[in-house]
Amino acid sequence: MPSYCVVTFGCQMNMHDSSRMEEVLERAGYEASVDAEQADVIVLNTCSIREKAEHKLRSEVGRLGLLKQRRPELVIGVAGCVAQQEGERLLKALPQIDLIIGPDNIPELPRLLSELDRGGLPQVRTVFDVDEPSFLAATPTPGRSSATAFVTVMKGCNERCSYCIVPTTRGPERYRSSREIIDEIARFVDAGVREITLLGQTVNSYRDPSGALPPPGPGDENRWRHTRGALAQEDETEFPALLLAIAHEVPELLRLRYTSPHPRHLTSSLIRAHQQLPVLCRHVHMPVQSGSDAQLKRMIRRYSSAEYVERTDALKEAVPGLTLSSDVIVGFPGESDADFEATLALVERVGFVSIFGFTYSQRPFTPALKLGDDVSHEEKSRRLARLFALVDAQKEKHLASLVGGEELVLIEGHSRHGNLTGRTERNEIVHLLGEAAERADAPGAGALVRARVGEAFKNSLSAELTALVAPAPRVLTEALRRSSELAQAGATPRRGLPMIGATGSP
Ligand code: 5AD
Ligand code: SF4
């Protein structure tokens, strides 16, 4: 059997695409390589959101090129955003590459590989499936399931944020039918998954292409709409209706999250869904990018800082204890000291408990290119450090406020130090201690437990396990036991090199 290895750079969407590539390859008779460097096919699933991410690809291809000198039959494939963005050009720049495949062409991977096998020329396939959008269904295999999983609800992006390459690399928005989404979630839950994160570039702009979701009922009026004027009603998103349908049709699901929402689609219907659905976690990651109205305008974000604050205030008021995290870009062209101070003020006002902070990086094909890049590298780094210092202090204060209280923790596995580890619904990492957590028959991954928080660290909590609320699903326990037996016997394939390049603050 030929063997493969998929290496993932970048975001959750890429991790998700990598899993689909692995499934497609396995269905076509490939097996995961025990040693990544020995694989017959190595696919680099790339990210181009910032220039640094693209550099990583170039150095990785260089490294693999050396491997290929020793093993000329090695197939080097490049997938993901750089593949889509560069296409044939990449082949010219990096001739070691045999295959370039865009995110919408994953199902064609085995065909392209067999073309190569038959002695074909390097293959390039980067076509968006705009006319007939398809979403590869995940195949939750009990042996591979964990307590949490991602489910794609939409792909592409119709926003035109002036700094962002995603509309170029991922194409226009296309939505998956609500039936497919709900069925996939149900399959994951049957395989033992307890927590689902819905994925999409602007996940809350979702609309059901099949028209199966119920329209908003009387009294579901919206205080905020993402489109002003006459179009507002028709243009309402169906994301809240999707959340309701999931909660209704898969009641066994313990936790539901989504990422990443766009602030302009944080409508009152979505806030109402948070109020109505206990399954929705009390944490939302909502990218704000800047706190300066002038910069938000230049970024084409289509909301003001006051709107962001007003809407997140309403969400926090509706859902007590809800926390927020965000993405922020520092040093976007024209960012003055005062603009940056406005960002810090907003970060403090909203009280984010964590942040992914980025220094602005010019990207090809983006409207912001014409604005130049006038904030110096040193100034960008200084601003980023100040941003992280502020958020770290907020995070520390928040974590300290939890000491002495009780939390519900969904166990995900063991930490490097051997402690049982899980997350609260606000996504705080919790290391479980105490007799009940250390016994041989302690609850395993997928169990929901109650725990008393004893100590707060920089990025996590430790807590004493006090009660089992819901045991781990049997199917998950058995699967994990089997895979740990296999691992002990040295038989588990290494399923790829580690994920590379997730950026931002811890
Ligand atoms: N430069 C820096 N950060 C960027 N992001 C997107 N494009 C750029 C860019 N050109 C950040 C945004 C986005 C996150 C995924 O990456 O904060 O929310
Ligand atoms: Fe990029 Fe803006 Fe779309 Fe997010 S919403 S993917 S930042 S264009």
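Q: What ground rules apply here?
A: This is a predicted model: local features need pLDDT of at least 70, side-chain atom pairs count only at pLDDT 80 or more, and totals for chains, interfaces and linings use all residues. Residues are numbered from 1 along each chain as its sequence is written, chains are lettered from A and ligands numbered from 1 in the order in which they are written, and side-chain values use heavy atoms, with hydrogens and water left out.

Q: What pLDDT does the protein average?
A: The average is 90, and 90% of the residues score at least 70. pLDDT is the predictor's confidence in each residue, from 0 to 100.

Q: Where is the pLDDT below 50?
A: Residues 230-234 are one such stretch. In the model it has four contacts beyond near neighbours in sequence. Contact means heavy atoms within 4.5 Å. Over residues 491-506 the pLDDT also stays under 50. For those residues the model has 51 contacts beyond four places in sequence.

Q: Switching to ligand 2. Which residues are around it?
A: Cys157, Glu159, Cys161, Tyr163, Cys164, Val166, Pro167, Thr202, His262 and Arg301. The cut-off is a residue heavy atom within 4 Å of the molecule.

Q: How does that shell divide by class?
A: Six nonpolar, two polar and two charged. Ala, Val, Leu, Ile, Met, Phe, Trp, Tyr, Cys and Pro count as nonpolar, Asp, Glu, Lys and Arg as charged, and the others, Gly among them, as polar.

Q: Now helices. At what angle do H8 and H9 cross?
A: Roughly 20 degrees, for H8 (residues 239-249) and H9 (residues 268-276). Their axes come within 8 Å. That makes H8 roughly parallel to H9. Angles under 35 degrees count as roughly parallel, over 145 as roughly antiparallel, 65 to 115 as roughly perpendicular and the rest as oblique.

Q: How are helices and axes defined?
A: Helices (H or I, at least four residues) and strands (E, at least two) are DSSP runs, numbered from the N terminus. Axes are lines fitted to C-alpha atoms, for helices over the stretch in contact, with angles from 0 to 180 degrees between N-to-C directions.

Q: Is the H8 crossing of H9 left-handed or right-handed?
A: Left-handed. That term applies if the near helix is turned anticlockwise from the far one by less than a right angle; clockwise is right-handed.

Q: Which residues make the contact?
A: Phe239, Pro240, Leu243 and Leu244 come from H8, and Ser269, Leu270, Ala273 and Gln276 from H9. By class, the contact of H8 with H9 has six nonpolar, two polar and no charged residues.

Q: What about H7 and H8?
A: The axes of H7 (residues 178-190) and H8 come within 10 Å and cross at roughly 40 degrees. So H7 is oblique to H8. The crossing of H7 past H8 is right-handed. Ser178, Arg179, Ile181, Ile182 and Ile185 in H7 meet Leu242, Ala245, Ile246 and Glu249 in H8.

Q: And H9 with H11?
A: Their axes come within 9 Å and cross at roughly 20 degrees, with H11 spanning residues 305-318. H9 passes H11 in a right-handed crossing. H9 brings Ile271, His274 and Gln275, while H11 brings Arg311, Ala314, Leu315 and Ala318.

Q: Backbone next. Which peptide bond is cis?
A: The one from Thr259 to Ser260, with omega near -5 degrees. Ser260 sits in the loop between strand S11 (255-259) and H9.

Q: What is phi of Phe365?
A: Near 65 degrees, a positive value in a residue other than glycine. Phe365 lies in the loop between strand S14 (354-359) and helix H13 (377-401).
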